[in-house]
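Biologist: I am new to this one. Can you walk me through a few of its parts?

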Amino acid sequence: MTEQMYHIALASRPEGAPEPANFRHEPKALPTPGEGEVLVRVHYMSLDPYMRGRMDDAKSYAAPVPIGGTMEAGGVGEVIASNDPKFKPGDFAFGMFGWASHGCLPGKMLRRVDPAQAPLTTSLGVLGMPGFTGWYGLMQHGRPQRGETLVVAAATGPVGSMVGQVAKALGLRAVGIAGGAEKCAMAVDKFGFDACLDHRAYDSASDLRKALADQCPNGIDIYFENVGGRVLAAVLPLMNPHGRIPICGMIAWYNAGGLGSGAQVAEPSAPALWRNILVKFLSVNGFIISNHWNRFPDFLAEIAPKVAAGEIAYAEDVAEGLENAPAAFMSMLKGGNTGKQIVKLV
């Protein structure tokens, strides 16, 4: 067993979009597991948009990463030492190990993963937090009904693709929005969306709205919010009375800093936003999936068999090497990934 590990620390807080100088790849001592703890060699780690918020020193539902601290991330890997009887060397486990080659956590904070049932990477995407987020947000706050119309942006990501596929299985019309013709084709051909619009092909929210209206002739009943920005401005006037908007993320504004509070947003203005909510009786629900882990077994019971049977498709974008995680992360925030962004360490 090596006596040294590597991690990526937050070197400085970004102003706007993160830059390479905000990260530092460095060695540190390999921890020795204490009572009840498990040491894991990370094989794959997840990159997710929420991590941008952790880089800001702003009050939120979770504490920011301290300067010099390890960037936060979920990872999956092999147990190499254990002081918890529920885990033995050779087992595989998921945990919040951070951007690091190894992680040491109490066994009660880990989830066993069986690579014989599904590839390890699925525990980071389609059968992990992002897939669960899409399923929970749609079912709990979207309250889908057969015959309705759903719109979801970032449609080929692990959240959006789950939302679209579950909606289609329930008999809804699913319209995606994605960045680029290739992603739009994937949304339709791989994930089964009825249509997908390339937001980059439109010069304004008004132009995107006109195209959306053509694809949603009966209006929009559910808008699953991953993006904010111009997409929200395009969708909002098309919402039907009693429509539902589960708010999962707002990636268009993350690089403004302060969890988006620094964004200079021309539309939708607050009066337009509130008026649409008021006069159309909209239900708008923000949710943080970490508050709902009690439903995770329900999610796995429903979705894991469908993934195994090929009824739920997924896509993964795998970067190689821990040292390349910052570049992959920065690219992801600008839509450079296709599918769930993962970093392969082993």
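Modeller: Start with helix α3. Its buried residues are V159, G160, S161, M162, V163, G164, Q165, V166 and A167. Keep in mind that this is a predicted model.

Biologist: How many of the 12 residues of α3 are buried?

Modeller: Helix α3 covers residues 158-169 and reaches 17 Å from its first C-alpha to its last. That is close to the 16 Å expected. The helix is mostly covered, and the buried count is nine.

Biologist: Which residue just after α3 takes a positive phi?

Modeller: The buried residues of α3 pack against α2, β8, β9, β11 and α9. Just after the helix, a phi of about 90 degrees belongs to G171.

Biologist: Why is strand β3 largely enclosed by the rest of the structure?

Modeller: Strand β3 spans residues 37-46. Buried means under 20% relative accessible area. β3 is largely enclosed because the number of its 10 residues that are buried is eight.

Biologist: Is N285 buried or partly exposed?

Modeller: N285 lies in strand β13, residues 283-286. Among the residues it touches are H141, R143 and I245. Buried requires under 20%. N285 has a relative accessible area of 23%, so N285 is partly exposed.

Conventions. Residues are numbered from 1 along each chain as its sequence is written. This is a predicted model: local features need pLDDT of at least 70, side-chain atom pairs count only at pLDDT 80 or more; totals for chains, interfaces and linings use all residues. Side-chain values use heavy atoms; hydrogens and water are left out. Helices (H or I, at least four residues) and strands (E, at least two) are DSSP runs, numbered from the N terminus. The expected span of a helix is 1.5 Å times one less than its number of residues. Buried means under 20% relative accessible area, exposed over 50%, partly exposed in between (1.4 Å probe, protein chains only). Contact means heavy atoms within 4.5 Å. Lists of a residue's contacts leave out its neighbours within four places in sequence.
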